[in-house]
Amino acid sequence: MKIRYLYIFAFITAVILISSCNKDKVEIKKEFTYENQTYVLDKGYIEDFGKNDNESYDFDVFLFSEGIVVKEMEPTGKGHAIYFDLNSPISTGLAKGKYTYNSERDAFNYTNAGAILNADISSETGEEIDVMSGDINISFNDDKTILKFNLKTTDNKSLIGEFEGILQKF
């Protein structure tokens, strides 16, 4: 009889442990922080510029807030945006890994990055922020791309954020 209760107890414990593991999944926030202000990101796009001279592949990623929409491959509206010029080792898209700033277009480098705050696309106004260093980590969750970035701007301020979503083709 004691053995039967021991099995039941072990089974219940295993079920509780397995179900609690699913609750530990960390949710990726779609946002970035600059000067203690948080900006929400809504959608992402990717543009393929093809093969570089050194066997890497040039992909630009754009992340936009809700107020900016893309119609016929042109952004319009008002909001915030982030831009990454990434170089991947594969032709089909971004590869999982850490991308670091470098002026050379080698695989796992980014050659340019920045943000624009309070942008008005039609009047071409907004606060432009240029990046000079930092890392962009790329991973995948099914068909969603996860970007986590920790960057330093040209005036040595932090621009930190993360995004998870399907990158639509520009």
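Visitor: How many aromatic pairs does a search of the whole structure find?
Guide: Nine aromatic pairs turn up in that search. Keep in mind that this is a predicted model.

Visitor: Take Phe62 and Phe64. Why is that pair stacked?
Guide: The planes of Phe62 and Phe64 are at 15 degrees, with ring centres 6.3 Å apart, so the pair is stacked. Under 30 degrees counts as stacked.

Visitor: Are those two buried or exposed?
Guide: Phe62 and Phe64 are both buried.

Visitor: And what about Phe62 with Phe170?
Guide: That pair is edge-to-face, because the planes of Phe62 and Phe170 are at 65 degrees; the ring centres are 5.0 Å apart. Phe62 sits in strand 4 (residues 57–64) and Phe170 in the segment after strand 12 (167–169), so the pair links parts of the chain 108 residues apart. Phe170 is buried, as is Phe62.

Visitor: Which residues form the aromatic cluster?
Guide: One cluster is made up of Tyr45, Phe62, Phe64, Tyr83 and Phe170.

Visitor: Is Met73 buried or exposed?
Guide: Met73 is exposed, at a relative accessible area of 52%.

Visitor: Where is Glu124?
Guide: In the loop between strand 8 (109–120) and strand 9 (125–141). Glu124 is not a glycine, yet has a positive phi of about 55 degrees. Its relative accessibility is 74%, so Glu124 counts as exposed.

Technical notes:
Residues numbered from 1 in each chain as written. Predicted model: local features only at pLDDT ≥ 70, side-chain atom pairs only at ≥ 80, totals over all residues. Heavy atoms only, no water. Phe/Tyr/Trp six-rings, centres within 6.5 Å; stacked < 30°, edge-to-face > 60°. Buried < 20%, exposed > 50% of the residue type's maximum accessible area, 1.4 Å probe, protein only. Helix = DSSP H or I, 4+ residues; strand = E, 2+ residues; numbered from the N terminus.
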